[in-house]
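Subject: Structure handover

Hello,

I am passing on the structure we spoke about. Please look it over before reading my notes under it.

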Amino acid sequence: MKPHDFDYVRPTELDQVFDLIERHGDDARILAGGQSLMPTLNMRLSAPALLIDINRIDALKGLSVEGDMLRIGALTRHVELEHSPEVARHAPLLTKAIRHVAHPAVRNRGTIGGSLSLADPAAELPACALALGATLVLRGRDGQRRVPANTFFVDLYETARGEKEVLEAVEVPLATSSDRFGFGELARRHGDFAMVGLAAAARMAGGTIERLRLAFFGIGNVPVLSSAADLAAGRPLDADLVEVLRGAVGETLDPTDNLQASAAMKKHLASVLVGRVLGDMME
Ligand SMILES: Cc1cc2nc3c(=O)[nH]c(=O)nc-3n(C[C@H](O)[C@H](O)[C@H](O)COP(=O)(O)OP(=O)(O)OC[C@H]3O[C@@H](n4cnc5c(N)ncnc54)[C@H](O)[C@@H]3O)c2cc1C
(Lines give C-alpha, C1' and ligand atoms only; values in the text may rest on other atoms or scores of the structure.)
Protein backbone atom coordinates (compact mmCIF):
# COMPACT_ATOMS: atom_id res chain seq x y z
CA MET A 1 0.00 0.00 0.00
CA LYS A 2 1.06 3.62 -0.47
CA PRO A 3 0.48 6.43 2.01
CA HIS A 4 -2.13 9.13 1.60
CA ASP A 5 -0.76 12.30 0.01
CA PHE A 6 1.13 14.56 2.38
CA ASP A 7 3.16 17.74 2.20
CA TYR A 8 6.79 17.60 3.23
CA VAL A 9 9.04 20.25 4.76
CA ARG A 10 12.64 20.08 5.92
CA PRO A 11 13.36 22.98 8.27
CA THR A 12 16.85 23.78 9.54
CA GLU A 13 15.88 25.54 12.79
CA LEU A 14 13.75 24.44 15.73
CA ASP A 15 11.78 27.70 15.63
CA GLN A 16 10.53 26.75 12.17
CA VAL A 17 9.35 23.41 13.60
CA PHE A 18 7.43 25.19 16.36
CA ASP A 19 5.83 27.53 13.78
CA LEU A 20 4.72 24.56 11.70
CA ILE A 21 3.39 22.62 14.70
CA GLU A 22 1.42 25.67 15.85
CA ARG A 23 0.00 26.24 12.38
CA HIS A 24 -0.90 22.63 11.54
CA GLY A 25 -1.54 21.05 14.96
CA ASP A 26 -2.62 17.42 14.75
CA ASP A 27 -2.28 17.40 10.95
CA ALA A 28 1.52 17.60 11.23
CA ARG A 29 3.91 14.83 12.27
CA ILE A 30 7.63 14.96 13.03
CA LEU A 31 9.77 12.68 10.87
CA ALA A 32 13.13 11.49 12.24
CA GLY A 33 14.46 8.13 10.98
CA GLY A 34 11.03 7.20 9.64
CA GLN A 35 11.47 3.55 10.65
CA SER A 36 8.27 3.51 12.68
CA LEU A 37 6.39 6.42 11.17
CA MET A 38 6.70 5.46 7.48
CA PRO A 39 5.36 1.91 7.94
CA THR A 40 2.29 3.31 9.73
CA LEU A 41 1.77 5.75 6.85
CA ASN A 42 2.25 3.04 4.25
CA MET A 43 -0.30 0.87 6.04
CA ARG A 44 -2.60 3.90 6.27
CA LEU A 45 -2.81 3.58 10.05
CA SER A 46 -2.01 7.27 10.13
CA ALA A 47 -2.55 10.00 7.53
CA PRO A 48 -0.91 13.30 8.54
CA ALA A 49 -1.24 16.13 6.02
CA LEU A 50 2.30 17.37 6.70
CA LEU A 51 5.58 15.67 7.56
CA ILE A 52 8.17 17.86 9.28
CA ASP A 53 11.55 16.28 8.57
CA ILE A 54 13.88 17.26 11.43
CA ASN A 55 17.01 15.63 10.00
CA ARG A 56 18.68 18.94 9.10
CA ILE A 57 18.37 20.51 12.55
CA ASP A 58 21.85 20.69 14.05
CA ALA A 59 20.57 21.37 17.58
CA LEU A 60 19.24 17.79 17.68
CA LYS A 61 22.54 16.16 16.66
CA GLY A 62 25.77 15.13 18.33
CA LEU A 63 27.21 13.26 21.26
CA SER A 64 29.11 15.16 23.95
CA VAL A 65 30.24 14.89 27.54
CA GLU A 66 28.78 17.76 29.55
CA GLY A 67 29.83 17.71 33.22
CA ASP A 68 28.92 14.28 34.58
CA MET A 69 26.46 13.54 31.73
CA LEU A 70 26.70 12.13 28.23
CA ARG A 71 24.40 14.23 26.07
CA ILE A 72 23.00 12.26 23.17
CA GLY A 73 21.21 14.36 20.55
CA ALA A 74 17.77 13.08 19.58
CA LEU A 75 18.86 12.52 15.96
CA THR A 76 21.67 10.16 16.95
CA ARG A 77 21.08 7.06 14.89
CA HIS A 78 21.08 3.56 16.34
CA VAL A 79 24.14 2.71 14.22
CA GLU A 80 26.03 5.65 15.74
CA LEU A 81 25.22 4.42 19.25
CA GLU A 82 26.38 0.97 18.24
CA HIS A 83 29.83 2.08 17.07
CA SER A 84 30.52 5.16 19.20
CA PRO A 85 33.61 4.89 21.48
CA GLU A 86 32.06 7.62 23.71
CA VAL A 87 28.93 5.56 24.20
CA ALA A 88 30.95 2.38 24.83
CA ARG A 89 32.97 4.21 27.47
CA HIS A 90 30.32 6.34 29.16
CA ALA A 91 27.08 4.42 28.58
CA PRO A 92 28.06 0.81 27.83
CA LEU A 93 24.51 -0.39 28.51
CA LEU A 94 23.43 1.31 25.27
CA THR A 95 26.20 -0.42 23.32
CA LYS A 96 25.00 -3.78 24.64
CA ALA A 97 21.33 -3.04 24.01
CA ILE A 98 21.40 -1.44 20.58
CA ARG A 99 22.55 -4.62 18.85
CA HIS A 100 19.18 -6.11 19.76
CA VAL A 101 17.24 -3.35 17.99
CA ALA A 102 15.96 -4.64 14.66
CA HIS A 103 18.46 -5.19 11.82
CA PRO A 104 21.27 -3.05 10.32
CA ALA A 105 18.97 -1.45 7.71
CA VAL A 106 16.66 -0.15 10.45
CA ARG A 107 19.55 0.83 12.73
CA ASN A 108 21.11 2.86 9.90
CA ARG A 109 18.12 5.22 9.89
CA GLY A 110 16.33 4.89 13.26
CA THR A 111 17.14 7.47 15.94
CA ILE A 112 17.23 7.40 19.72
CA GLY A 113 14.85 10.37 19.79
CA GLY A 114 12.37 8.53 17.59
CA SER A 115 12.49 5.43 19.73
CA LEU A 116 12.01 7.32 23.00
CA SER A 117 9.27 9.56 21.55
CA LEU A 118 7.37 6.62 20.13
CA ALA A 119 7.68 4.68 23.42
CA ASP A 120 6.92 1.26 22.01
CA PRO A 121 6.40 -0.96 25.09
CA ALA A 122 8.65 -3.66 23.62
CA ALA A 123 11.49 -1.30 22.63
CA GLU A 124 14.95 -1.57 24.13
CA LEU A 125 15.97 2.08 24.49
CA PRO A 126 13.13 3.30 26.76
CA ALA A 127 14.03 0.53 29.25
CA CYS A 128 17.71 1.48 29.03
CA ALA A 129 16.77 5.10 29.78
CA LEU A 130 15.00 3.90 32.95
CA ALA A 131 17.86 1.63 34.05
CA LEU A 132 20.38 4.44 33.50
CA GLY A 133 18.37 7.08 35.34
CA ALA A 134 18.47 9.18 32.16
CA THR A 135 16.87 12.58 31.69
CA LEU A 136 14.91 13.54 28.58
CA VAL A 137 15.42 17.09 27.38
CA LEU A 138 12.29 18.56 25.80
CA ARG A 139 12.33 21.82 23.84
CA GLY A 140 9.28 23.98 23.25
CA ARG A 141 8.77 27.50 21.97
CA ASP A 142 9.18 28.85 25.50
CA GLY A 143 12.32 26.94 26.38
CA GLN A 144 13.59 23.66 27.66
CA ARG A 145 12.45 21.28 30.36
CA ARG A 146 14.04 18.12 31.70
CA VAL A 147 11.97 15.06 32.51
CA PRO A 148 13.40 12.04 34.35
CA ALA A 149 12.94 8.82 32.40
CA ASN A 150 10.92 7.30 35.24
CA THR A 151 8.14 9.84 34.69
CA PHE A 152 8.46 10.19 30.90
CA PHE A 153 6.70 6.97 29.83
CA VAL A 154 3.07 7.53 30.78
CA ASP A 155 1.02 4.86 28.97
CA LEU A 156 0.89 2.89 25.73
CA TYR A 157 2.69 5.08 23.12
CA GLU A 158 2.06 8.03 25.44
CA THR A 159 4.82 10.13 26.99
CA ALA A 160 5.18 13.31 29.02
CA ARG A 161 6.18 15.19 25.83
CA GLY A 162 3.70 17.98 25.08
CA GLU A 163 2.14 18.18 21.61
CA LYS A 164 4.14 21.30 20.83
CA GLU A 165 7.46 19.99 22.13
CA VAL A 166 10.34 18.27 20.41
CA LEU A 167 12.60 15.78 22.16
CA GLU A 168 15.96 17.48 21.88
CA ALA A 169 18.37 15.12 23.64
CA VAL A 170 18.85 12.47 26.28
CA GLU A 171 21.27 12.95 29.16
CA VAL A 172 22.83 9.84 30.65
CA PRO A 173 24.96 9.89 33.83
CA LEU A 174 28.54 8.92 32.96
CA ALA A 175 29.36 5.35 33.93
CA THR A 176 31.95 5.02 36.69
CA SER A 177 34.25 2.18 37.70
CA SER A 178 31.67 1.25 40.35
CA ASP A 179 28.94 0.60 37.77
CA ARG A 180 28.03 -2.69 36.15
CA PHE A 181 25.50 -3.14 33.37
CA GLY A 182 23.67 -6.05 31.86
CA PHE A 183 21.17 -6.54 29.08
CA GLY A 184 19.15 -9.44 27.73
CA GLU A 185 15.96 -10.14 25.87
CA LEU A 186 13.96 -13.09 24.66
CA ALA A 187 12.62 -12.74 21.14
CA ARG A 188 11.35 -15.29 18.67
CA ARG A 189 14.07 -14.32 16.17
CA HIS A 190 17.09 -12.05 16.56
CA GLY A 191 16.04 -8.51 15.59
CA ASP A 192 12.36 -9.04 16.40
CA PHE A 193 10.71 -6.96 19.09
CA ALA A 194 11.26 -8.78 22.39
CA MET A 195 8.66 -10.91 24.18
CA VAL A 196 10.33 -9.72 27.40
CA GLY A 197 13.60 -7.88 27.94
CA LEU A 198 15.71 -6.60 30.83
CA ALA A 199 18.15 -3.69 31.12
CA ALA A 200 20.04 -3.74 34.42
CA ALA A 201 22.36 -1.28 36.15
CA ALA A 202 24.17 -1.88 39.45
CA ARG A 203 26.19 0.65 41.43
CA MET A 204 28.69 -1.19 43.62
CA ALA A 205 30.25 0.08 46.85
CA GLY A 206 33.22 -2.11 47.69
CA GLY A 207 31.98 -5.67 47.39
CA THR A 208 28.28 -4.96 47.80
CA ILE A 209 25.49 -3.41 45.79
CA GLU A 210 24.61 0.16 46.67
CA ARG A 211 21.78 0.41 44.14
CA LEU A 212 20.30 -1.88 41.52
CA ARG A 213 17.84 -0.98 38.77
CA LEU A 214 16.01 -3.71 36.85
CA ALA A 215 14.09 -2.19 33.94
CA PHE A 216 11.82 -4.63 32.12
CA PHE A 217 10.23 -4.10 28.70
CA GLY A 218 7.63 -6.07 26.76
CA ILE A 219 5.79 -6.57 30.05
CA GLY A 220 2.98 -4.01 29.92
CA ASN A 221 2.11 -0.65 28.40
CA VAL A 222 5.35 1.01 29.52
CA PRO A 223 8.81 -0.15 30.61
CA VAL A 224 8.90 -0.79 34.36
CA LEU A 225 11.43 -0.74 37.16
CA SER A 226 10.96 -3.81 39.35
CA SER A 227 10.90 -3.10 43.08
CA ALA A 228 12.56 -6.52 43.61
CA ALA A 229 15.82 -4.68 42.90
CA ASP A 230 15.58 -3.08 46.35
CA LEU A 231 16.32 -6.50 47.88
CA ALA A 232 19.85 -6.23 46.47
CA ALA A 233 20.92 -3.20 48.53
CA GLY A 234 23.91 -4.00 50.76
CA ARG A 235 24.34 -7.54 49.38
CA PRO A 236 27.11 -8.90 47.18
CA LEU A 237 26.25 -9.62 43.57
CA ASP A 238 26.45 -13.40 43.85
CA ALA A 239 24.52 -16.55 43.00
CA ASP A 240 22.48 -16.40 46.24
CA LEU A 241 21.24 -12.92 45.45
CA VAL A 242 20.39 -13.91 41.88
CA GLU A 243 18.24 -16.76 43.20
CA VAL A 244 16.45 -14.40 45.60
CA LEU A 245 15.73 -11.95 42.79
CA ARG A 246 14.64 -14.68 40.38
CA GLY A 247 12.06 -15.78 42.93
CA ALA A 248 10.91 -12.29 43.83
CA VAL A 249 10.68 -10.54 40.49
CA GLY A 250 7.45 -12.13 39.24
CA GLU A 251 5.45 -10.77 42.18
CA THR A 252 6.55 -7.21 41.39
CA LEU A 253 5.46 -7.30 37.73
CA ASP A 254 1.94 -7.06 36.36
CA PRO A 255 2.28 -8.27 32.77
CA THR A 256 -0.48 -8.24 30.20
CA ASP A 257 -1.22 -11.01 27.71
CA ASN A 258 -0.36 -10.14 24.12
CA LEU A 259 0.17 -11.97 20.84
CA GLN A 260 3.75 -12.74 21.85
CA ALA A 261 3.14 -14.45 25.22
CA SER A 262 0.68 -14.89 28.08
CA ALA A 263 1.11 -12.93 31.31
CA ALA A 264 2.20 -16.10 33.14
CA MET A 265 4.78 -16.85 30.46
CA LYS A 266 6.13 -13.30 30.68
CA LYS A 267 6.63 -13.64 34.46
CA HIS A 268 8.53 -16.83 33.84
CA LEU A 269 10.67 -15.20 31.12
CA ALA A 270 11.38 -12.24 33.41
CA SER A 271 12.76 -14.63 36.02
CA VAL A 272 14.87 -16.41 33.39
CA LEU A 273 16.29 -13.06 32.27
CA VAL A 274 17.18 -12.05 35.84
CA GLY A 275 19.25 -15.24 36.06
CA ARG A 276 21.00 -14.65 32.73
CA VAL A 277 21.58 -10.91 32.92
CA LEU A 278 22.72 -10.74 36.55
CA GLY A 279 24.75 -13.91 35.98
CA ASP A 280 26.65 -12.05 33.24
CA MET A 281 27.12 -9.05 35.54
CA MET A 282 28.77 -11.27 38.21
CA GLU A 283 31.60 -12.24 35.85
C1 LIG B 1 11.36 -4.07 10.65
C2 LIG B 1 11.53 -3.19 11.87
C3 LIG B 1 11.96 -3.78 13.06
C4 LIG B 1 12.10 -3.00 14.20
N5 LIG B 1 12.53 -3.60 15.35
C6 LIG B 1 12.71 -2.86 16.45
C7 LIG B 1 13.17 -3.44 17.66
O8 LIG B 1 13.46 -4.65 17.75
N9 LIG B 1 13.31 -2.64 18.75
C10 LIG B 1 13.02 -1.30 18.69
O11 LIG B 1 13.17 -0.62 19.68
N12 LIG B 1 12.60 -0.73 17.57
C13 LIG B 1 12.43 -1.46 16.44
N14 LIG B 1 12.02 -0.86 15.30
C15 LIG B 1 11.72 0.59 15.33
C16 LIG B 1 13.01 1.40 15.11
O17 LIG B 1 13.88 1.25 16.21
C18 LIG B 1 12.70 2.89 14.94
O19 LIG B 1 13.84 3.45 14.45
C20 LIG B 1 12.32 3.70 16.16
O21 LIG B 1 11.29 3.14 16.87
C22 LIG B 1 11.80 5.07 15.75
O23 LIG B 1 12.85 5.86 15.41
P24 LIG B 1 12.81 6.74 14.11
O25 LIG B 1 13.93 7.70 14.23
O26 LIG B 1 12.76 5.88 12.93
O27 LIG B 1 11.44 7.56 14.32
P28 LIG B 1 10.29 7.93 13.31
O29 LIG B 1 9.71 6.70 12.72
O30 LIG B 1 10.72 8.99 12.38
O31 LIG B 1 9.26 8.58 14.36
C32 LIG B 1 8.62 7.79 15.34
C33 LIG B 1 7.68 8.68 16.16
O34 LIG B 1 8.42 9.55 17.00
C35 LIG B 1 8.15 10.93 16.68
N36 LIG B 1 9.45 11.61 16.79
C37 LIG B 1 10.61 11.21 16.22
N38 LIG B 1 11.63 11.98 16.65
C39 LIG B 1 11.10 12.90 17.49
C40 LIG B 1 11.66 13.97 18.26
N41 LIG B 1 12.96 14.24 18.28
N42 LIG B 1 10.81 14.70 19.03
C43 LIG B 1 9.48 14.43 19.05
N44 LIG B 1 8.90 13.43 18.36
C45 LIG B 1 9.70 12.67 17.59
C46 LIG B 1 7.55 10.92 15.28
O47 LIG B 1 6.68 12.00 15.07
C48 LIG B 1 6.80 9.59 15.29
O49 LIG B 1 5.56 9.74 15.93
C50 LIG B 1 11.84 -1.60 14.15
C51 LIG B 1 11.43 -1.00 12.94
C52 LIG B 1 11.28 -1.80 11.81
C53 LIG B 1 10.85 -1.15 10.53
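Two points on conventions come first. This is a predicted model, in which local features need pLDDT of at least 70 and side-chain atom pairs count only at pLDDT 80 or more, while totals for chains, interfaces and linings use all residues. Residues are numbered from 1 along each chain as its sequence is written.

Overall fold

The protein contains 11 helices and 14 strands; these are DSSP runs (helices H or I, at least four residues; strands E, at least two), numbered from the N terminus. Its C-alpha trace spans about 60 × 45 × 30 Å along the principal axes. The radius of gyration is 19 Å, which agrees with the value near 19 Å for a compact globule of 283 residues; the radius is taken over C-alpha atoms, and the globule rule is 2.2 Å times the number of residues to the power 0.38. Of the 283 residues, 40% are buried (20 or more other C-beta atoms within 10 Å of a residue's own, with C-beta atoms placed from the backbone). Among contacts between residues at least 6 apart in sequence, 62% join residues at least 24 apart; a contact means C-beta atoms, placed from the backbone, within 7 Å.

Ligand shell

There are 29 residues around the ligand, and Gly33, Ala102, Gly110, Gly114 and Ala123 come nearest (a residue is near if its C-beta atom, placed from the backbone, lies within 6 Å). Elements giving two or more residues to this shell include strand 2 (28-31), helix 6 (104-109) and strand 10 (166-173). Helix 7 gives the most, with five residues. By type, the shell has 15 nonpolar residues (Ala, Val, Leu, Ile, Met, Phe, Trp, Tyr, Cys, Pro), four charged (Asp, Glu, Lys, Arg) and 10 polar (the others, Gly among them). Domain 1 (7-53) and domain 2 (58-173) each supply at least three shell residues; the domain bounds come from an automatic or database domain assignment.

Strand 12 and its partners

Seven of the 10 residues of strand 12 (residues 196-205) are buried, so this strand is largely enclosed by the rest of the structure. Strand 11 (residues 179-186) pairs with strand 12 in the antiparallel sense over eight bridges; pairing requires at least two DSSP bridges. Glycine 184 has leucine 198 of strand 12 as its bridge partner. Strand 13 (residues 208-217) also pairs with strand 12 in the antiparallel sense, over nine bridges, and there threonine 208 stands opposite alanine 205. Strands 12 and 13 form a hairpin with two residues between them, and glycine 206 in the turn has a positive phi of about 65 degrees.

Regards

How values were computed
Buried ≥ 20, exposed ≤ 12 C-beta atoms within 10 Å, placed from the backbone. Contact = placed C-beta atoms within 7 Å.
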